[in-house]
Amino acid sequence: MRLSLLDRSRTRHGLPQAAALPQSVDRAIWAEQAGYHRFWVAEHHAVPGIASGGPAVLLAAVGARTDAIRLGSGGVMLPSHRPLVVAEQFLMLEALHPGRVDLGVGRSLGFTEPVRRALGRLEASPEEFAQEITEVRAHLEGSASVTAQPGGTDAPPLFVLATGTGLQTAAALGLPAVIGGPILDADELPELMARYRRDFRPHRGSAPEVIASVDALIADTDQEARDLALPEVWAMARSRTTGVFEQLEPVERIRREDWSEKETRRVEKGVAAAVAGTVDTVRRRIEQIVERSGAAEILSTGSTYDREALADSDRRLAELLR
């Protein structure tokens with residue numbers, strides 16, 4: 001079982017937003033030392049709670065401070081980019097860090113309508129997404145009508161963030177799928193995975209591959225782990241009310257907030273969905289996910305306000321799946 005990390009460069013209350021970026025680099029250095037297989041970063045635009053708007057830029061910094069861990073995006077949101085530009089960014093990364101670069105792509109638009117307008121895209125259909133992946137792959141493989149530079153560079157492997165119809169897209173294009181969120185608990189998950197593998201159309205010898213993305217957090221007790229999950233869950237619950245995805249806050253500060261009934265329900269649901277608990281609790285939950293999905297890799301996306309607690313959780317997870 002391979003184990004990887006996705007770091008969203010979460011900003012934290014009381015710290016400059018820019019501090020999140022060197023913190024991501026530091027986490028990547030530690031992840032390599034701990035034996036993690038990949039270190040992926042995210043793309044979000046004009047979101048106060050996330051400092052990473054340019055995955056390729058951050059990955060270049062991570063690559064300069066690490067030696068062997070794979071570097072990737074979870075993911076580049078294709079509606080915000082031209083396929084040629086994406087391909088050249090990741091070919092440059094591959095040239096700088098040979099054999100270490102992954103390109104995960106997604107279909108999400110900006111967090112709010114003003115952001116989507118600023119990015120120049122208000123909608124992106126599954127068909128458009130599939131076409132844009134095909135164009136990116138053609139540029140990476142050197143089969144497009146123009147040659148992406150630098151030429152002569154190996155094509156980084158492509159991964160599809162498979163939310164919604166993404167599994168169908170991944171299968172049709174012969175690409176690995178990264179699944180997470182509500183789909184992991186869906187009753188029809190085994191059926192969806194079987195369909196993905198049945199409909200998979202190999203591309204240059206590719207085979208079905210599934211990575212399960214989970215908000216994994218480990219602590220001494222289940223309650224302590226749920227407390228670690230609270231800052232991320234609270235930020236998401238609040239964003240449903242305010243339209244703004246905010247910085248991570250300390251648990252004590254969140255507890256003092258006046259929660260509405262809707263926010264309380266959303267927090268309870270979000271904490272319950274996280275893979276948070278003791279080592280034994282997390283092991284059982286991951287085993288269930290792997291059994292139901294057939295995933296060959298776990299991509300941990302957990303985050304919390306307390307960086308020391310997060311580092312300890314990362315360490316325990318690495319030991320658990322080693």
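Trainee: About how far apart in helical turns are R117 and E113 in helix α4?

Mentor: R117 and E113 are separated by about one helical turn, because they sit 4 residues apart in helix α4 (residues 113-119). Their side chains meet in a salt bridge, 2.7 Å from N to O. Salt bridge here means a side-chain nitrogen of Lys or Arg within 4 Å of a carboxyl oxygen of Asp or Glu. Helices (H or I, at least four residues) and strands (E, at least two) are DSSP runs, numbered from the N terminus.

Trainee: What are the ground rules for the model?

Mentor: It is a predicted model: local features need pLDDT of at least 70, side-chain atom pairs count only at pLDDT 80 or more, and totals for chains, interfaces and linings use all residues. Residues are numbered from 1 along each chain as its sequence is written, and side-chain values use heavy atoms, with hydrogens and water left out.

Trainee: How many salt bridges in the whole structure?

Mentor: The search finds 24.

Trainee: Switching to the fold. Which strands make the barrel?

Mentor: The order is β1-β2-β3-β4-β5-β6-β7-β10. That is a closed barrel of 8 strands with parallel pairing. Neighbouring strands are turned by 25° against each other on average, direction ignored. Axes are lines fitted to C-alpha atoms, and angles run from 0 to 180 degrees between N-to-C directions.

Trainee: How many bridges between β3 and β4?

Mentor: Strand β3 (residues 70-77) and strand β4 (residues 103-106) pair over 3 bridges, in the parallel sense. Two strands count as paired if DSSP finds at least two bridges between them. V76 stands opposite V105 in β4.

Trainee: Where are the cis peptide bonds?

Mentor: One runs from G74 to G75, with omega near 0°. G75 is in strand β3. Another joins Q149 and P150, with omega about 5°. P150 lies in the loop between α5 (126-141) and β5 (158-161).

Trainee: And what's the phi of S9?

Mentor: Near 55°, a positive value in a residue other than glycine. S9 is in the loop between β1 (2-7) and α1 (20-34).

Trainee: Last topic, surface charge. Which residues form the positive patch?

Mentor: R240, K262, R265 and K269. Patch residues have over 30% relative accessible area and no salt bridge, with like charges joined within 9 Å and nonpolar side chains (Val, Leu, Ile, Met, Phe, Trp, Tyr) within 5 Å. Areas come from Shrake-Rupley with a 1.4 Å probe. Lys and Arg count as positive, Asp and Glu as negative. Charges are placed at NZ of Lys, CZ of Arg, CG of Asp or CD of Glu.

Trainee: Which helix gives the most to it?

Mentor: Helix α10 (residues 261-273), with 3 residues. K262 is found in α10.
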